[in-house]
Amino acid sequence: MNKLLIAGPCSAESREQVLQAARAVKELGADIFRAGVWKPRTHPGCFEGTGAPALDWLAQVRETLGLEVTTEVASAQHVRLCLEKGIRTLWIGARTTTNPFMVQEIADALKGSGAKVLVKNPVNPDVDLWMGAVERLASNGINDIILVHRGFSQGLAGRYRNDPKWHLLLQVRERMPQLPLICDPSHIAGDSELVPEIAQRAMDLGLDGLMIECHPDPSAALSDASQQLSPARLKELLDSLVTRVQDSSDAAYRDRLEMLRSQIDSLDADIIDNLARRMEISRQIGALKRENGISIVQPVRWGRVMQDALQRAAASGLEEELVNNIFSLIHEASVRQQ
Ligand code: PEP
Ligand code: MN
């Protein structure tokens with residue numbers, strides 16, 4: 001792959017597992033080996049990582065295989081322990097990026113270290129919060145930063161564990177054009193079957209690389225078992241990945257087009273989701289009217305809804321006919337639901 005590749009298991013589980021995984025991903029051309037030493041888990045009692053002793057295993061990977069290594073830090077103490085072991089490529093996880101206090105603490109601990117920091121997007125789709133984390137690092141002299149897109153928590157379960165919201169990346173690119181932006185398809189997917197399509201999408205959008213979870217024996221993994229790829233499957237993914245090689249002006253045009261199209265796709269998905277929610281509320285209104293013996297169609301209310309919609313449409317420069325047609329269809333469907 002002619003892009004940055006970071007690969008390795010979700011967690012460092014044992015010296016053997018770490019070394020086995022590191023050898024495998026090095027063989028596949030990974031630039032950096034990843035493994036979580038401290039794991040942020042939703043529920044207590046899950047495997048929370050091996051902690052500081054695992055740093056020695058990572059240091060061993062760096063020394064014996066000559067492979068750069070990275071792990072997640074969530075506190076000043078984590079940073080100090082990593083730096084003591086000579087681990088200078090660190091990542092800030094999604095749950096941490098969400099919290100400016102924690103990011104500041106990490107940024108302060110990193111001052112003067114010359115570390116490289118991968119900043120994952122916050123769990124919520126807030127580009128400012130993501131950028132704020134970068135600014136906190138930069139004001140402490142940390143400028144070797146890579147942004148990692150790992151998707152956003154979503155209320156309703158969708159196709160993926162985390163909603164990629166690709167359109168937000170356009171904003172990120174516009175606001176921080178100098179920073180490499182890579183994708184973590186594993187944490188977006190939540191399912192190893194879906195990792196390749198997301199990785200390909202990231203390449204189509206012109207992102208600068210991938211961070212992929214790869215475990216020697218995914219089914220036995222102590223965390224994120226369902227989304228990790230075996231080395232053989234990672235190889236398949238890498239072999240099938242199409243990265244565009246075109247002249248630069250054309251590539252820029254295509255990247256922009258893909259970004260715009262992904263905005264359209266995401267807006268279309270929002271329209272459908274909103275329609276579904278609207279129909280659900282319509283059904284609830286229908287039930288309420290039924291219980292109270294009220295007729296379904298209430299022309300005064302509908303007149304007001306339509307008038308508001310048309311006013312809003314006019315203010316946004318939308319064609320009256322378009323909005324009129326769409327709302328008439330919605331009203332008909334809504335009446336049918338009730
Ligand atoms: C991870 O990379 O294993 C991890 C916990 O990621 P995130 O912070 O993106 O959930
Ligand atoms: Mn993980």
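Guide: Helices and strands are DSSP runs, numbered from the N terminus. The model itself is predicted.

Visitor: How do I use those labels? Where does Lys-165 lie?

Guide: Lys-165 sits in the loop between β6 and α7, and α7 covers residues 167-175. Its phi is near 40°. That is a positive value in a residue other than glycine.

Visitor: Is Lys-165 buried or partly exposed?

Guide: Buried means under 20% relative accessible area, and exposed means over 50%. Lys-165 has 23% relative accessibility, so Lys-165 counts as partly exposed.

Visitor: Which other residue has a positive phi, near 50°?

Guide: Asp-224, which again is a residue other than glycine. Asp-224 is in the loop between β8 and α10 (231-240). At 17% relative accessibility, Asp-224 counts as buried.

Visitor: Now the metal. Which protein residues are donors of the manganese ion?

Guide: Look for N, O and S atoms within 2.8 Å of the metal. For the manganese ion, ligand 2, they come from Cys-10 (SG), His-187 (NE2), Glu-213 (OE) and Asp-224 (OD). These donors lie 2.1 to 2.4 Å from the ion. Notice Asp-224 again, the residue with phi near 50°.

Visitor: What spacing do the donors follow along the chain?

Guide: The pattern is C-x176-H-x25-E-x10-D. Take Cys-10 and Glu-213. Cys-10 lies in the loop between β1 (4-8) and α1 (15-27), while Glu-213 belongs to strand β8 (residues 209-213), so this pair ties together parts that are 203 residues apart in sequence.

Visitor: Are Cys-10 and Glu-213 buried or exposed?

Guide: Cys-10 is buried, at 2% relative accessibility. Glu-213 is buried too, with a relative accessible area of 1%.

Visitor: Next, ligand 1. Which residues surround it?

Guide: A residue is near a molecule if one of its heavy atoms lies within 4 Å of it. The residues around ligand 1 include Glu-72, Trp-91, Gly-93, Ala-94 and Arg-150. Cys-10, His-187 and Glu-213 are also among them.

Visitor: Which residues have the most contacts inside the largest nonpolar core?

Guide: They are Phe-33, Val-61, Leu-110, Leu-137, Leu-147 and Leu-210, in a core of 74 residues. A second, separate core has 8 residues, among them Ile-6, Leu-118, Val-148 and Ile-182.

Visitor: Where is Asn-140, and what does its side chain contact?

Guide: Asn-140 is in the loop between α6 (127-138) and β6 (145-149). Its relative accessible area is 9%, so Asn-140 is buried. Its side chain makes a polar contact with the side chain of Lys-111, at 3.4 Å.

Visitor: One last residue. Where is Ala-199?

Guide: Ala-199 is in helix α9, residues 195-204. Ala-199 counts as buried, at 0% relative accessibility. From Ala-199 to Gly-209 is 10 residues in sequence and 9.0 Å in space, C-alpha to C-alpha.

How values were computed. Residues are numbered from 1 along each chain as its sequence is written. Chains are lettered from A and ligands numbered from 1 in the order in which they are written. This is a predicted model: local features need pLDDT of at least 70, side-chain atom pairs count only at pLDDT 80 or more; totals for chains, interfaces and linings use all residues. Side-chain values use heavy atoms; hydrogens and water are left out. Donors are N, O and S atoms within 2.8 Å of the metal (3.2 Å for Na, K and Ca); water is not among the atoms, so sites may look incomplete. Helices (H or I, at least four residues) and strands (E, at least two) are DSSP runs, numbered from the N terminus. Buried means under 20% relative accessible area, exposed over 50%, partly exposed in between (1.4 Å probe, protein chains only). A nonpolar core is a set of buried Ala, Val, Leu, Ile, Met, Phe, Trp, Tyr and Cys residues joined through side-chain atoms within 4.5 Å. A polar contact is a pair of N or O atoms within 3.5 Å; within protein, one must be able to donate a hydrogen and the other to accept it, and residues adjacent in sequence count only if both atoms are side-chain atoms.
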